[in-house]
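The exercises below ask you to work through a single protein chain step by step, with a solution after each task. Keep the structure at hand while you read.

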Amino acid sequence: MPPLGSTPVYFGNFLVTPQVFHKTAHSFALVNIKPLLPGHVLVSPIRAARRLSDLDHAEITDLFLTVQQVGKMVERVYGASSLNIAIQDGPAAGQSVPHLHTHIIPRQSADLDEQGGSDAIYGMLEGEDGDVGRHLWESSRKRPKFPTVDDSTRKPRTEPEMAEEAQKLALEMTRQHL
């Protein structure tokens with residue numbers, strides 16, 4: 001059962017209700033199918049606006065207040081000392097789902113030293129690893145009889161795994177002092 005009821009929540013064309021762990025009047029937060037680092041989540045407006053400039057005053061205010069609240073919670077829960085907060089605002093900026101979304105990525109000192117340092121996160125966001133749309137599409141379609149093998153160490157998560165994390169984070173949001 002989804003942590004926030006049964007009203008369907010869509011991220012672009014993808015039904016993501018079980019992944020949603022926080023919802024406000026204009027925004028929702030969801031766990032990421034293929035997080036770049038532990039605790040990498042997304043915050044999106046409920047209305048499927050494609051670009052930041054498409055939001056009205058109430059939506060943009062709610063979006064950024066939600067980013068702030070969720071950011072505090074994931075920083076606490078995942079033991080982070082900092083956050084990367086990123087918006088890929090349109091296809092030319094690397095947006096893979098035509099629904100505005102904000103990446104919140106908890107960070108710890110030296111967490112990406114083996115990948116070239118803390119700025120490696122930007123290449124990860126822009127590259128194949130950060131292609132949320134492709135990962136959602138692949139998880140929603142029927143698998144071929146002989147699926148291709150993903151040799152990377154970061155595998156897409158299953159629906160039950162994401163639902164379990166969403167329920168945990170929904171509980172943590174109720175514990176968060178806003």
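This is a predicted model: local features need pLDDT of at least 70, side-chain atom pairs count only at pLDDT 80 or more; totals for chains, interfaces and linings use all residues.

**Exercise 1.** Which residues are linked with Glu172 in a network of salt bridges?

*Solution.* Begin with Arg76, whose side chain meets that of Glu172 at 2.8 Å, N to O; this pair links distant parts of the chain, since Glu172 lies in helix H4 and Arg76 in helix H1, 96 residues apart. Next comes Arg175, whose salt bridge with Glu172 has its closest N and O atoms 3.0 Å apart, the two residues being separated by about one helical turn in helix H4. Arg76, Glu172 and Arg175 thus form a network, in which Glu172 is buried at 11%, while Arg76 at 42% and Arg175 at 48% are partly exposed.

**Exercise 2.** Where is Ser27, and which side chain does its own side chain join in a polar contact?

*Solution.* Ser27 is placed in strand E4 and, at 0% relative accessibility, counts as buried. Its side chain is joined to that of Asp62 by a polar contact of 2.7 Å, and a polar atom of the Ser27 side chain also lies 3.5 Å from the backbone nitrogen of Leu63.

Technical notes. Residues are numbered from 1 along each chain as its sequence is written. Side-chain values use heavy atoms; hydrogens and water are left out. Helices (H or I, at least four residues) and strands (E, at least two) are DSSP runs, numbered from the N terminus. Buried means under 20% relative accessible area, exposed over 50%, partly exposed in between (1.4 Å probe, protein chains only). A polar contact is a pair of N or O atoms within 3.5 Å; within protein, one must be able to donate a hydrogen and the other to accept it, and residues adjacent in sequence count only if both atoms are side-chain atoms. A salt bridge is a side-chain nitrogen of Lys or Arg within 4 Å of a carboxyl oxygen of Asp or Glu.
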